[in-house]
Amino acid sequence: MDTVAATVKGWQVVVNPSQGIAFDVPPQWARQSTDWVTYVSENDDPEDTPLIGMRAPAYLKEQWCSSDEDKDGTVEHTPLAVAGSRGNNGARSSEEIAGSDPETWVYGQFTQPDKTKVRPGEVEPFTTNSGIKGSLGAAWSVDVKKTQKCSTDGKAWTFAFKNTQGDLTSWSFFGAKGVSDEVPEATVRKIAATVRLYKVSSGS
């Protein structure tokens, strides 16, 4: 996992071998295994079908908030923030992905079942430090009701681009908004700027 060097001093590398993507996160983030998938689904879906997901994520404060809302004896943990990457098969453009994916993350993680509380940001051209050109988009929620202990407003960012195979792929971040330890936009953009392509060695 550490064969790719971090580009920000003191930070650590997160890699997604299936997409050939690497990015850096601050040292307090916890990296998951490369086959770990995090996703959101409709709360009332018995099949738990993912609305959107991403692989090989890193978590900031994985147990930031914990509660057992359904009183089944299993405590659910809500992280402060998560960042990861995914392939976007079927998407038409990086602009489309950067516009839609943040909204889906915000709805799935923070505003369910109310889509009217999701606000989209502008999609902008974005170039990473390694020269990858793509599209960066954001979304956030407004007035999420405190119906559960861990209810909070949230925000999400997606940087969409083409990988070494020419396939549309993306990096995403989502996290709590309006809380004392919220990840600032400057940090999100700094992480996004470290996104880079790398070739998976045949020996790995």
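Which element gives the largest share of the lining of the largest pocket? In this predicted model, the answer is β4, with five residues.

Two or more lining residues come from each of β4 (37-41), β7 (76-78) and α1 (94-111). By residue class, the lining comprises eleven nonpolar, 14 polar and nine charged residues.

At 1.5 Å a residue, its 18 residues should span 26 Å, and the end C-alpha atoms of α1 are 25 Å apart, which agrees. The buried residues of this helix include Ile 97, Ala 98, Asp 101, Pro 102 and Trp 105. As a general point, an α-helix has 3.6 residues a turn, so residues three or four places apart point the same way. Towards the end of the list of buried residues in α1 come Val 106, Tyr 107, Gly 108, Phe 110 and Thr 111.

Finally, the disulfide. The count comes to one: Cys 65 and Cys 150, with sulfur atoms 2.0 Å apart. This pair links distant parts of the chain, 85 residues apart. Cys 65 belongs to strand β6 (residues 65-67), whereas Cys 150 sits in the loop between β11 (133-141) and β12 (153-162). Both cysteines, Cys 65 and Cys 150, are buried. The torsion about their S-S bond is about -90 degrees, so the disulfide is left-handed.

Note on methods
Residues are numbered from 1 along each chain as its sequence is written. This is a predicted model: local features need pLDDT of at least 70, side-chain atom pairs count only at pLDDT 80 or more; totals for chains, interfaces and linings use all residues. Side-chain values use heavy atoms; hydrogens and water are left out. Helices (H or I, at least four residues) and strands (E, at least two) are DSSP runs, numbered from the N terminus. Ala, Val, Leu, Ile, Met, Phe, Trp, Tyr, Cys and Pro count as nonpolar, Asp, Glu, Lys and Arg as charged, and the others, Gly among them, as polar. The expected span of a helix is 1.5 Å times one less than its number of residues. Buried means under 20% relative accessible area, exposed over 50%, partly exposed in between (1.4 Å probe, protein chains only). A disulfide is a pair of cysteine sulfur atoms within 2.5 Å.
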